[in-house]
Amino acid sequence: MSGGDGSVFLEARGLAKQFGGTRVLEGIDFRLEPGERLVLLGPSGCGKTTLLNVISGMLAADGGTLRCEGDLLDSAEAGVHRPMRRRGFAMVFQDFALWPHMTVAGNIGFGLEVQGVDRTERNRRIGEALEMVQMSEFGGRKPAELSGGQKQRVAIARALAVRPRLLLLDEPLSALDARLREDLKTELATLLDETGVTSVYVTHDQSEAFTLASRIALMNQGRIEQIGTPRQVYREPATAFVASFLGVSNLLPAPESEGGTLVLRREEVSIHLEPGEANGVVALPGVCRRTDFLGDRQEAWVEVDEGLVLRGFGPLDLQVGQRVEVRYDPNRARLLSA
């Protein structure tokens, strides 16, 4: 979901952070519209959680500025750092962070009580939040009586109950098993759509990013390599890192006249047991070096005559060692600048 009117809700300009002599964030720029869901995606150690902690106010930026709805939250140069409790944001953590001695309702209502919300309104919002996450009948239970998925639903309900300006989520599904992650990411995407809350979500899982994001900021070594819609960053990668991190890509040397590198997605490469007519496609002979059975299809690694290994999909009866033909449409290859 996106505000779509061009208004800026959250804006970072040149954000930087270092620990000791190690720079962990450098030159972070982005603008977030009301209602957008920005997913910070990248490998472990790329700086995405540090960036989330700077946005939340847990950490002060060492450089650059951060504004929310025009309010200056962070500026080392101006000596400004608004603490987390005064930003009006809410956080959902990976480890749930529920009070074990409180009931589910007590956990959800704690933030409201801190805000000074009266009992009647507090109880109404607790009920509303429990209904949003399909946990209405669990209000009287303690966290120890809940499954992992139920605990995370309570953590999300607690964050939404305080009606935050911005919702921050730090890998909230990573502690759950694979099947539950699949179910909850769809539920969470629907919930964020329905509430319209602006959010920043951290994950290393591209499937979560594609499901949940209005836009993805792909991070590497403390910088944003590319920011765009899921379709944009997947179909139009700006760098070789983005191309390789988001799905499986083949990287080929571009013609000398163009320079740089060609990116060709695995799904654009087809592998055939018999030669065929070119019909505008590139056709390269090669030898199958490895196969992976994927149920309805088979992935294969083919060493072409030029000594290059390409990955693509072939027939289920493809065998290692067979001579094959690799085909792809050259118009589907994207050129990355040198």
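Two rings of Phe, Tyr or Trp (its six-membered ring) pair if their centres lie within 6.5 Å. Planes under 30 degrees apart count as stacked, over 60 as edge-to-face, and the rest as tilted. This is a predicted model, where local features need pLDDT of at least 70 and side-chain atom pairs count only at pLDDT 80 or more, while totals for chains, interfaces and linings use all residues. Residues are numbered from 1 along each chain as its sequence is written, and side-chain values use heavy atoms, leaving out hydrogens and water.

The structure holds three aromatic pairs. Take F210 and Y234. Their ring centres are 5.9 Å apart and their planes stand at 90°, an edge-to-face pair. This pair links distant parts of the chain. F210 sits in helix α6 (residues 206-212), Y234 in helix α7 (residues 230-235), and 24 residues separate them. Helices here are DSSP runs of H or I with at least four residues, numbered from the N terminus.

Y234 has 18% relative accessibility, so Y234 counts as buried. F210 has 29%, so F210 counts as partly exposed.

Now look at F241 and F245. Their centres lie 5.7 Å apart with planes at 25°, so this pair is stacked. Both belong to helix α8 (residues 240-245); because they are four residues apart, about one helical turn separates them. F245 is partly exposed, because its relative accessibility is 22%.

Charges meet rings too. A charge sits over a ring if NZ of Lys or CZ of Arg is within 6 Å of the ring centre and within 35 degrees of the ring normal. R265 lies over the face of Y234, 4.0 Å from the ring centre. R297 lies over the face of F313, at 3.9 Å.

How values were computed. Helix = DSSP H or I, 4+ residues; strand = E, 2+ residues; numbered from the N terminus. Buried < 20%, exposed > 50% of the residue type's maximum accessible area, 1.4 Å probe, protein only.
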